[in-house]
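Thanks for making the time. I will go through one structure, starting with backbone geometry and then moving to annotated positions and helix packing. Please have the sequence and the model open.

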Amino acid sequence: MIDRVTSPESPSRIDLSPYDAVVLVSFGGPEAAEEVVPFLENVTRGRGIPRERLVEVGEHYFGFGGRSPINDQCRALLAALRTGLAERGCSVPVYWGNRNWHPFLADTLAEIVADGHHRVLALTTSAYPSYSSCRQYRENLYDAVRNGTAGDLDVAVDRIRQYATHPGFVAASVDATTEALDRLDASAGVGPVRLVFVTHSIPTAMSDTSGPGDGGYLEWHQTVARAVAGEVGARRGTTYDHDLVFCSRSGPPSQPWLEPDVNDHLRGLAAAGAGGAVLVPIGFVSDHMEVVYDLDTEAVATAAEIGLPVARAATAGTHPAFVGALLDLLAERAAVARDEDVTPAAVPGGPVGRYVCPADCCPNLRDPARPALCQTAAHAAV
Ligand SMILES: CC1=C(CCC(=O)O)c2cc3nc(cc4[nH]c(cc5[nH]c(cc1n2)c(C)c5CCC(=O)O)c(CCC(=O)O)c4C)C(CCC(=O)O)=C3C
Ligand SMILES: [Fe+2]
């Protein structure tokens with residue numbers, strides 16, 4: 001199932017034409033204590049997040065000296081992508097821009113154009129469909145092209161398909177889960193060990209409307225969880241029960257978000273006699289704050305309190321299978337732009353992401369008319 005991943009030993013050449021630049025688009029995070037509050041203001045502007053929640057999340061960042069790990073992880077991925085492209089004979093430059101913190105996407109796109117590039121291929125550090133993880137980044141791209149009062153930038157932007165079901169992303173998670181199981185073995189109790197897949201909770205209204213076909217966010221996660229659990233079991237010659245649970249709930253308590261919360265779930269597993277759990281953060285591509293705080297700090301403390309042995313699996317990060325998948329996805333998108341036939345890789349029976357989203361996919365429920373890029377007509381004003 002995983003053998004379609006490009007082997008780093010025998011790289012095939014990558015042709016990214018017609019694109020002349022690639023941009024890595026991410027969330028952004030603060031890098032110093034004085035940046036925490038302005039960063040949180042950027043993230044939550046107009047989103048109705050209760051003040052208490054903001055204070056609490058600010059404390060998570062201050063607990064790490066005000067520095068989120070996410071930007072360094074983006075720098076590492078950027079370096080891996082540049083190396084990978086160079087190894088595969090491609091000299092297209094790779095830039096990096098964020099939604100919520102420096103380097104801001106708008107500044108990066110202006111720099112790309114100033115450097116003489118006009119056909120840009122975007123990839124996000126978010127692998128799944130949903131408003132937050134797909135459309136919102138496409139809204140950010142639209143705004144960056146609009147370029148405020150300075151006038152539209154002379155640039156066309158496409159993006160790779162949503163990629164969580166790509167065999168390379170799954171392969172990285174299989175390796176990480178196996179490695180975490182090896183670590184857990186020493187401490188596991190007598191009951192069965194459970195694979196607990198974790199992703200970011202989102203409002204149920206956002207989940208219910210996430211494309212493709214309503215409910216894509218959950219369907220995609222369930223597909224990835226099943227594929228990873230199956231492969232890990234096959235590797236270890238056994239089977240594992242698994243669950244999909246959620247972390248980082250935000251928003252007012254009155255608003256329903258996806259459940260169960262990872263901490264509640266661990267309590268339930270301990271009560272049911274589980275021998276241990278591996279936390280597998282399939283919803284995230286790097287060990288950023290949601291992972292190092294919500295899982296490594298909070299969920300691990302919960303597990304200690306109830307005496308449940310746990311190990312946390314690494315995220316894809318710069319795993320060669322993941323970097324290889326991203327390189328293949330870039331090459332695939334360029335081939336699509338050249339009107340060539342492609343065979344998109346995905347886990348068996350799993351959904352394949354879209355190159356261009358329908359205009360009503362993953363709607364913005366607060367501001368339905370807000371324009372976005374990389375979608376069909378209705379709002380695609382650029
Ligand atoms: C689906 C999803 C992803 C995964 C896809 C992707 O990666 O995009 C993600 C990633 C991330 N979320 C992050 C941080 C935050 N998310 C917040 C708030 C929210 N996230 C939401 C969803 C998601 N978020 C939602 C629906 C909200 C409510 C407000 C709103 O509707 O926008 C808040 C506000 C405070 C709070 O937590 O309440 C913060 C600080 C960081 C940076 C970590 C770091 O600094 O290392 C990352 C990578
Ligand atoms: Fe978030």
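Predicted model: local features only at pLDDT ≥ 70, side-chain atom pairs only at ≥ 80, totals over all residues.

In which loop is the place of N147? N147 sits in the loop between α5 and β4, where β4 is residues 156-159.

I start with N147 for its backbone. Its phi is near 60°, a positive value in a residue other than glycine. N147 counts as partly exposed, because 16 C-beta neighbours fall inside 10 Å; the buried class needs 20 or more, and the exposed class 12 or fewer.

D339 also has a positive phi, near 65°, and is likewise a residue other than glycine. D339 is in the segment after α11. Is D339 buried or exposed? D339 is exposed, because it has 6 other C-beta atoms within 10 Å.

Next, the cis peptide bonds. One joins S17 and P18, with omega about 15°. P18 lies in the segment before β1, the strand at 21-26. Another cis bond joins E259 and P260, and there omega is about 5°. P260 is in the loop between β6, 242-247, and α9, 262-271. If you check omega by hand, those are the values to compare with.

Now the annotation. Which positions does UniProt give for the feature "binding site"? The record, an unreviewed entry, places that feature at S68 and Y137. I take these in turn.

S68 is in the loop between α2, residues 51-62, and α3, residues 70-87. S68 is buried, because 25 other C-beta atoms lie within 10 Å, against a threshold of 20. If we do not count residues up to four places away in sequence, S68 touches G29, P30, Y61, H288 and M289.

Y137, the other annotated position, is in helix α5, residues 131-146. Y137 counts as buried, because it has 25 C-beta neighbours inside 10 Å. With its neighbours within four places in sequence left aside, Y137 is in contact with V25, R99, T124 and S126.

The C-alpha atoms of S126 and L373 are 16 Å apart, and the two residues are 247 residues apart along the chain. L373 is in the segment after α11, the helix at 320-337. L373 is buried, because 25 other C-beta atoms lie within 10 Å of its own.

Inside helix α11 itself we find V323. V323 is buried too, because 22 other C-beta atoms are within 10 Å. What does V323 touch, residues up to four places away in sequence not counted? The contacts are A80, L81, G84 and T318. As for a separation, V323 and L153 are 170 residues apart along the chain, and their C-alpha atoms are separated by 30 Å.

That leaves helix packing. Two packed helices are described by the angle between their axes and the distance between the axes. I have two pairs to show.

The crossing of α1 past α2 is right-handed. On the α1 side, the contact is made by V36, V37, L40 and T44, and on the α2 side by L54, V57, G58, Y61 and F62. By class, those residues divide into seven nonpolar, two polar and no charged.

What is the handedness of the crossing of α6 and α8? The crossing is right-handed. From α6 the contact takes V170, S173, V174, T177, T178 and L181, and from α8 it takes V224, A227, V228, E231, V232, R235 and R236. By class, this contact has seven nonpolar, three polar and three charged residues.

That is what I have. I can go back to any residue on the screen.

Terms used: Residues numbered from 1 in each chain as written. Chains lettered and ligands numbered in written order. Left-handed = near helix turned anticlockwise from the far one by under 90°. Helix = DSSP H or I, 4+ residues; strand = E, 2+ residues; numbered from the N terminus. Contact = placed C-beta atoms within 7 Å. Nonpolar A, V, L, I, M, F, W, Y, C, P; charged D, E, K, R; others polar. UniProt positions renumbered as here; feature names shortened; annotations may be inferred.
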